[in-house]
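Visitor: I'm new to this one. Can you put it on screen and take my questions as they come?

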Amino acid sequence: EKVIQNIRNLKDWWYLETENFIIVSNLKNKKTINDLQYNLEKSRSAFMKYYPLKIPLKAVSVCRIFESRDEYLSYIPEQMKFSAGVWMADKKELAISPMNWGSQSDNRKIMIDIAYHEGFHQYLYYAADETNSDVWFNERNACFFEGIDFKAGDKVKIDATERSDRMKKYAANFRAASFIGMDYPQFYSGGKEQ
């Protein structure tokens with residue numbers, strides 16, 4: 001009710017409820033909406049296969065999808081302006097931005113990959129009883145789940161080849177103990193790619 005009330009007087013905003021989510025958006029592209037709705041739910045099932053819940057989730061997972069990049073940028077915290085999506089535990093919302101480049105199809109694919117990544121952060125937060133996990137664990141798993149492929153029906157296939165190759169490149173010069181206790185600014189100080 002709180003989420004619905006929040007958008008009630010916003011022009012062109014609507015909401016859609018699914019089994020695990022309430023999606024609020026002003027997005028106009030129906031194909032993108034349908035694909036995001038479907039993939040949010042499917043990815044949740046994948047997260048649950050890898051990290052089963054001990055007790056059912058009580059929280060409603062909120063996903064806010066913006067029609068324009070500018071709207072997204074004005075909504076998220078300053079330190080996240082580089083992002084195309086973000087899980088904001090303080091607002092209890094996952095926010096996704098469209099990109100200002102590429103075709104509509106490219107944009108839709110990027111938004112779905114973002115939904116997988118940020119959706120994992122959201123799932124883990126709620127699965128851990130609204131506790132933030134260590135950055136290294138949270139980010140590595142979120143990146144892993146970007147490679148979800150549901151083309152095989154209900155089977156979950158994850159293509160981590162590209163990420164694994166990059167990890168091997170960095171592993172030679174990396175000491176695990178050096179990043180285990182890092183916060184987000186420390187973790188990303190070597191560059192987002194690293």
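Visitor: Where is Phe120 found?

Guide: Phe120 is in helix 4; helices (H or I, at least four residues) and strands (E, at least two) are DSSP runs, numbered from the N terminus. This is a predicted model, where local features need pLDDT of at least 70, side-chain atom pairs count only at pLDDT 80 or more, and totals for chains, interfaces and linings use all residues. Residues are numbered from 1 along each chain as its sequence is written, and side-chain values use heavy atoms, with hydrogens and water left out.

Visitor: Is Phe120 buried or exposed?

Guide: Buried, because its relative accessible area is 0%. Buried means under 20% relative accessible area, exposed over 50%, and partly exposed in between (1.4 Å probe, protein chains only).

Visitor: Which residues is Phe120 in contact with, neighbours within four places in sequence aside?

Guide: They are Phe47, Tyr51, Ala115, Asn138, Asn141, Ala142 and Phe145. Contact means heavy atoms within 4.5 Å.

Visitor: How do helix 4 and helix 5 cross?

Guide: Their axes come within 8 Å and cross at roughly 135°. Axes are lines fitted to C-alpha atoms, for helices over the stretch in contact, and angles run from 0 to 180 degrees between N-to-C directions. Helix 4 and helix 5 are therefore oblique to each other; angles under 35 degrees count as roughly parallel, over 145 as roughly antiparallel, 65 to 115 as roughly perpendicular and the rest as oblique.

Visitor: Which residues make that contact?

Guide: Helix 4 brings Tyr116, His117, Phe120, His121 and Leu124, and helix 5 brings Phe137, Asn138, Glu139, Asn141, Ala142, Cys143 and Phe145.

Visitor: New topic. How many residues are in the largest nonpolar core?

Guide: It has 31 residues, and those with the most contacts inside it are Leu36, Leu40, Cys63, Ile65, Ile96 and Ile148. A nonpolar core is a set of buried Ala, Val, Leu, Ile, Met, Phe, Trp, Tyr and Cys residues joined through side-chain atoms within 4.5 Å.

Visitor: Which element gives the most to this core?

Guide: Helix 4, with 10 residues.

Visitor: What is Leu36 in contact with, leaving out neighbours within four places in sequence?

Guide: Leu27, Ile65, Ile96, Met111, Ile112 and Ala115. There is also a second, separate core of 13 residues, which includes Ile7, Val62, Ile76 and Met88.

Visitor: Last one, how many helices and strands are there in the protein?

Guide: There are 7 helices and 7 strands. Of the 194 residues, 40% count as buried.
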